[in-house]
Amino acid sequence: MTEADLVRTAVSAVTDPELRRPIGDLDMVRDISVDGAHAQVGIVLTIVGCPAAARIEADVRQAAASVPGITDVDVEVGVMTPAERKALTEKLRDGRPARHMPFGPDSLTRVILVSSGKGGVGKSTVTANLAVALADQGLSVGLVDADVHGFSIPGLLGIPAGTQPTRIDDLMLPPVAHGVKTISIGMFLRDGESVVAWRGPMLHRTVSQFLTDVFFGDLDVLLIDMPPGTGDIAISIGQLLPHAEVLVVTTPQTAASDVAIRSGLVARQTGQQVIGVVENMAAYTLPDGTVLDLFGSGGGAAVADALSEPDEVVPLLASIPLSPALRQSGDAGAPLVSGTATDAAATAIHDLARALTRRGRGLSGRSLPMTVGGPRKEE
């Protein structure tokens with residue numbers, strides 16, 4: 001193997017940070033030559049102004065310089081031709097037609113909807129932290145912010161304002177934050193816009209595009225942060241993903257738990273499976289040991305009992321204590337579970353992620369393990 005071959009091997013292993021695949025597999029490596037200790041490396045990016053350009057170039061330079069004997073590297077960066085981009089998108093789709101929804105019943109990607117009966121119960125905070133906790137386990141995680149009117153996922157994950165998906169022809173590459181591939185309507189608003197005032201047809205179209213036009217790649221789990229209640233989006237997702245699982249979030253108080261039951265019942269009417277209940281803002285233990293039930297107690301268990309059936313018990317999977325640190329981390333865009341915090345709320349969310357992983361996806365009453373890095377469609 002020549003020195004140029006060694007450099008090509010090293011450079012080809014560099015991962016595109018958006019597509020999460022080696023650039024050699026994506027046909028992004030071009031001519032490579034070596035003259036003594038100097039390497040000349042040619043690569044092409046998917047589009048002009050690729051937001052990952054600087055990182056890819058730096059990683060390519062570092063990879064080439066890692067080859068023994070190479071001390072000087074020049075990287076020539078170009079852009080794919082339309083024909084090359086078309087070939088790339090066809091490769092990424094893996095034979096599927098354009099605007100195909102890859103999360104159907106034959107997919108091994110586990111789809112979990114996080115729902116609530118009413119707003120203000122911390123559903124989005126739970127969803128964002130749960131996504132990061134699952135990613136910390138080594139799972140490939142996607143997150144769709146389907147709460148179009150009340151989107152908050154970008155802020156909770158610290159995705160900077162103005163961040164948009166990268167477009168490769170008719171594919172959109174979702175930004176990645178804390179290891180989670182994320183899409184939200186908040187990424188498409190123009191400067192100065194902060195409100196989405198849409199009705200049913202537009203909401204349905206938006207959710208459909210999130211599921212078809214956004215390229216998530218191979219996922220172990222796709223979380224969908226649902227809007228509160230049982231409105232248009234809940235009905236649309238029920239039609240698009242009737243096989244999805246549902247996690248119901250409530251607070252302990254009766255005013256929230258009574259309404260949360262309805263979201264689980266509506267999901268079940270579309271064929272979706274309610275896999276568990278999460279009680280948020282539960283009892284908070286003060287430094288002196290006093291337990292403060294600010295929002296009452298028992299609501300999560302009541303929802304789980306109400307949604308259980310004779311042949312299918314719906315468990316209370318987590319009781320997350322009221323936590324100032326959880327609120328503060330959400331405001332800062334730094335999910336509490338992503339650090340080394342020993343806060344009780346972070347522990348509870350990590351335990352929830354592990355419980356979901358152990359449970360796997362329920363099919364016909366069976367409990368299956370969640371795969372890590374495996375194939376995503378039935379062979």
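## Glu-309 and its partner

In this predicted model, Glu-309 is partly exposed, with a relative accessible area of 33%. Its side chain meets that of Arg-268 in a salt bridge, at 3.5 Å from N to O. Glu-309 sits in the loop between helix H9 (299–307) and strand S17 (316–321), while Arg-268 belongs to helix H8 (residues 254–269), so the pair ties together parts that are 41 residues apart in sequence.

## Other salt bridges

Another one joins Asp-27 to Lys-91, with the closest N and O atoms 3.0 Å apart. Here again distant parts of the chain get linked, as Asp-27 is in the loop between strand S2 (21–22) and strand S3 (29–35) and Lys-91 is in helix H3 (residues 82–93), 64 residues apart. Asp-27 is partly exposed at 44% relative accessibility, and Lys-91 is partly exposed at 35%.

Then there's Asp-147 with Lys-123, whose closest N and O atoms are 3.8 Å apart. Asp-147 is in the loop between strand S7 (141–145) and helix H5 (153–156), and Lys-123 is in helix H4 (residues 123–136), 24 residues apart. Both residues are buried.

## A look at Asp-343

Asp-343 lies in the loop between helix H10 (324–332) and helix H11 (344–359). It's partly exposed, with a relative accessible area of 22%. Setting aside neighbours within four places in sequence, Asp-343 is in contact with Ser-323, Ala-325 and Leu-336. With Ser-323, there's a side-chain to side-chain polar contact at 3.0 Å.

Key:
Residues numbered from 1 in each chain as written. Predicted model: local features only at pLDDT ≥ 70, side-chain atom pairs only at ≥ 80, totals over all residues. Heavy atoms only, no water. Helix = DSSP H or I, 4+ residues; strand = E, 2+ residues; numbered from the N terminus. Buried < 20%, exposed > 50% of the residue type's maximum accessible area, 1.4 Å probe, protein only. Contact = heavy atoms within 4.5 Å. Polar contact = N/O pair within 3.5 Å; in protein donor to acceptor, adjacent residues only side chain to side chain. Salt bridge = Lys/Arg side-chain N within 4 Å of Asp/Glu carboxyl O.
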